[in-house]
Amino acid sequence: MMNNIFSKVTARVIPFLAISFLVPSCADLDYTEETTRDEEWTFTYFEQGIKGLVSGIYAQVYNNEFESNSAYFLAGATDEAQYALEAGAVNSYVNGGWSAANPYDRTWTKSYTAIADANMFLEKLDEADISDWAYNPDYKNWVAQLELFPYEVRFLRAYYYFELFKTYGDVPLVTTTLTNGQANSVQRASADEIVKFIVDECDAVAPYLPVSYMTEIGSEVGRVTRVAAAALKARTLLYAASPLHNPNGDKTKWAKAAEACKYILDNAGTWGLKLSAYGSLWGHEAFFNQELIFGIGRGESNSFEMANYPIGVENGSSGSCPTQSLVDQYEYQDNGETFGQRYPGSIDLKEADPYTGLDPRFALTVVKNGDEWPSNGAQKKVIETFVGGFNAAPKYGATPTGYYLRKFVDGSCVTTADNQTTRRHTWIVFRLAEFYLDYAEAVFNATGSANDNTYGMTANEAINVLRNRADIQMPAFTEDGNEWVERYERERLVELAFENHRFWDVRRWKKGAQYFKTIQTATISSDLVLTRSTVTRQWDDKMNFYPIPQSELIKNSNLTQNPGW
């Protein structure tokens with residue numbers, strides 16, 4: 001009988017660091033007492049036993065969408081970016097290399113592995129007994145943390161089910177440990193059932209989770225909070241209300257999403273949340289940013305910089321290069337006209353500066369020709385993306401789009417062969433600004449108007465909170481109807497660029513053919529004329545959902561494949 005990830009054969013013990021800055025290592029529970037730690041040992045030891053097991057469940061949040069060399073790499077499969085190297089794994093999504101036999105993404109395996117760990121932990125927790133350690137000076141701290149663990153684990157299990165729901169739609173709902181025989185016969189539950197499970201779990205655990213761990217024993221920030229539970233609930237309901245999962249346009253689903261988002265906005269101040277300066281969302285101290293609801297902190301490194309610094313910068317590999325399609329969406333501060341509207345054709349950069357007056361988020365996200373980058377004194381130089389320039393074609397691996405990535409790249413990192421420097425990095429899972437956007441989308445669809453005040457704030461008012469930030473100051477939203485939808489989708493792209501939303505947003509809107517089938521890139525000639533080019537990519541509506549891995553279908557005849565795959 002083939003082993004199945006739904007069954008709990010082994011569980012990994014992974015040490016958890018207080019701020020989660022390092023990826024932990026794994027160990028097996030099913031070895032003998034003489035060689036390492038078995039299940040009995042695990043539930044009688046705290047740090048490397050019980051807590052280690054919980055940390056292993058946390059660790060699966062760090063999945064292959066956050067690889068250190070291309071964080072938020074799914075941008076390269078959207079109109080946000082093009083990955084510089086043709087061999088980049090993300091290109092499998094757009095060049096036909098994606099199939100049930102080669103599903104590429106490991107969301108299925110990683111999520112169900114974590115869910116199996118969570119189920120086992122919750123079932124075995126009653127066996128936990130650390131009373132032998134009663135005289136240890138940390139004993140009271142351990143007991144206090146142990147009381148929170150089941151609620152954290154239930155949240156994490158719900159989080160993994162959201163990952164499965166957004167990726168595959170209907171999936172098996174497994175909440176107990178299974179034998180291999182049981183695991184190889186599970187059936188897919190409906191998406192509505194999965195959504196209900198996630199929402200119910202968030203509601204159940206939220207009252208028991210702290211708003212912040214800063215005042216808890218150990219101050220182990222990075223663990224899930226009451227605010228994270230509210231955020232997961234709200235995002236889940238937004239996805240459930242979207243056209244992909246709500247083909248009949250049931251407005252009650254949008255209403256539930258609006259209410260869940262409004263709850264976060266109404267309580268943000270009490271919870272200590274506030275919108276931050278846009279450029280403070282990443283960098284060495286970003287893990288402690290007051291806008292962050294839940295994030296993945298990583299230890300000091302410069303590997304992301306090496307992956308995304310321009311070709312020509314020592315050890316730079318270009319990485320995820322922003323597209324002209326993305327640049328065209330940024331609006332001007334004077335009247336809200338977009339880059340693409342004001343400069344729809346070729347641009348002689350000797351005669352015009354099309355970048356002056358753009359939304360400040362552009363300069364914080366994109367590196368363009370003529371910028372000084374990176375910012376560290378050892379490597380700072382004027383970037384040349386014109387043909388023949390120091391950072392451009394014909395150099396192998398140079399940007400294929402005319403631009404380089406700045407957002408999330410820490411320009412203070414030195415990547416020279418000698419005297420390298422490193423910095424901490426934080427990848428955003430939930431932040432406050434998302435829920436202003438989520439609320440606006442939900443309330444617009446629930447009421448049919450961007451100016452309806454039924455929920456205490458109109459859709460336009462919510463978006464204008466973001467656009468009125470001191471460091472942004474963009475013209476207000478006043479539109480309604482189809483014009484509002486178009487501008488909202490643009491605003492969401494700009495605000496959340498490279499935060500791993502666009503790939504999923506376009507799918508849940510069922511607009512892949514509109515946004516992903518072709519993208520615009522730019523070439524700057526040696527005499528500084530910018531010319532757009534169209535790149536055609538593979539898109540089929542079946543790609544709104546991932547294929548169920550063929551290996552799982554072989555093991556379990558009760559599973560069915562997603563349509564088209």
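The following legends describe close-up views of a predicted model. Local features require pLDDT of at least 70, side-chain atom pairs count only at pLDDT 80 or more, and totals for chains, interfaces and linings use all residues. Residues are numbered from 1 along each chain as its sequence is written, and side-chain values use heavy atoms, with hydrogens and water left out.

View 1. Lys166 belongs to helix H4, residues 139-168 (a DSSP run of H or I with at least four residues, numbered from the N terminus). Lys166 is buried because its relative accessible area is 6% (buried means under 20%, exposed over 50%, partly exposed in between, with a 1.4 Å probe and protein chains only). Its side chain forms a polar contact of 3.3 Å with the side chain of Glu163 (a pair of N or O atoms within 3.5 Å, one able to donate a hydrogen and the other to accept it; residues adjacent in sequence count only if both atoms are side-chain atoms). Leaving aside residues up to four places away in sequence, Lys166 touches Tyr239 and Trp504 (heavy atoms within 4.5 Å).

**View 2. The ring pair of Phe287 and Phe288.** Rings of Phe, Tyr and Trp (its six-membered ring) pair if their centres lie within 6.5 Å; planes under 30 degrees apart are stacked, over 60 edge-to-face and the rest tilted. The count by this rule is 35 aromatic pairs. Phe287 and Phe288 are edge-to-face, because their ring centres are 5.7 Å apart and their planes stand at 80 degrees. Phe287 is buried at 8% relative accessible area, whereas Phe288 is partly exposed at 40%.

**View 3. Charges over rings.** The charged end of Arg342 sits over the ring of Tyr332, 3.9 Å from its centre (NZ of Lys or CZ of Arg within 6 Å of the ring centre and within 35 degrees of the ring normal). The charged end of Lys395 sits over the ring of Phe390, 3.8 Å from its centre.

Conventions:
Helix = DSSP H or I, 4+ residues; strand = E, 2+ residues; numbered from the N terminus.
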